[in-house]
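Student: I would like to learn how to read a sheet and a few whole-chain values. Can we work through one model together?

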Amino acid sequence: MDHLLRPLAPISDEGWKLLDEEARERLAPALGARRLVDFAGPRGWRHSATELGRTAPLKNAPADGVDALQRRVLPLVEARADFELSRAELRDADRGADDVDLGPLDAAAARLAAAENAAVFNGWKGAFEGIAAASPHAPVALGAPQTYPAAVARALAALLENGVAGPYGLALGPDAYRRAIEGTEEGYPLVTHLREMLDGPIVWTPGIDGGAVVSLRGGDFVLESGLDISIGYDSHDEQVVRLYLQESLSFHVATPEAAVVLEASG
């Protein structure tokens, strides 16, 4: 039995299959950052830190005439989103109901996906730096939809001037993404123009405002997974089962100049 304690939950095998499928369906479109950075793993729940290949000097060795270096690592963060499901609804699922209320699971999946996206782009205070803080480029303002092509062009120019090859991807927060897909340019769909400029995807990325243009050449940004997002069991009573979604992760910026931040400006 692993730390998720699933065998202790009053949930049938078919019930777990339903929950896992629902979580995958909800998470797949929402984990936007994973489409734009390298994903390493999953390494397993016991994987605790990302190796950085760097050292820091240690002072005050325990004996004279000895120098020492300490290996630097990036500890993984354990992220968790709790939720409750009705036991009556789960029993109805076992009876074959096709309209089971899994709203709390859906909401937890949305929260965890948004947290992962925000961590990649904005960082996780006290844990690791995100793309926005690491990028040396001046942010580009992202205003009305008709300004998107010019903003993306400025970002692409900055990347090319720094020798950062494509193709490129565009992460957009929910509001900016909606504006992009609704926008037209002389009757021409705005997103089509943007994709042609990027030679890559435009990705809906809940959890961020504005967006970023990111090189997809690989090796610049690494999201390392210990435990990939999984459902675990906490407790239950006669009415509800208390569950959670959990993952462990770190994020490392290897090439800060490989992304340009787009700041929402109204």
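This is a predicted model: local features need pLDDT of at least 70, side-chain atom pairs count only at pLDDT 80 or more; totals for chains, interfaces and linings use all residues.

Tutor: Residues are numbered from 1 along each chain as its sequence is written, and side-chain values use heavy atoms, without hydrogens and water.

Student: How many helices and strands does the protein have?

Tutor: Both are DSSP runs, numbered from the N terminus: helices are H or I with at least four residues, strands E with at least two. Here there are seven helices and 14 strands.

Student: In which order do the five strands of the open sheet run?

Tutor: Two strands pair if DSSP finds at least two bridges between them. The order is β5-β14-β10-β6-β9, with mixed pairing. β5 (140-142) and β9 (202-204) are the edge strands, each pairing on one side only. From one strand to the next, the twist averages 25°, with axes fitted to C-alpha atoms and angles from 0 to 180 degrees between N-to-C directions.

Student: In what sense do β5 and β14 pair?

Tutor: Parallel, over three bridges; β14 spans residues 259-264. Ala141 has Glu263 of β14 as its bridge partner.

Student: What share of the protein is buried?

Tutor: Buried means under 20% relative accessible area, with a 1.4 Å probe and protein chains only. Of 266 residues, 44% qualify.

Student: What share of the contacts with a separation of 6 or more joins residues 24 or more positions apart?

Tutor: Contact means heavy atoms within 4.5 Å. The share is 79%.

Student: And how far apart are the mean positions of the positive and negative charges?

Tutor: Lys and Arg count as positive, Asp and Glu as negative; His and the chain ends are not counted. The mean positions of the 24 positive and 40 negative charges lie 4 Å apart.

Technical notes: Buried means under 20% relative accessible area, exposed over 50%, partly exposed in between (1.4 Å probe, protein chains only). The place of a charge is taken as NZ of Lys, CZ of Arg, CG of Asp or CD of Glu.
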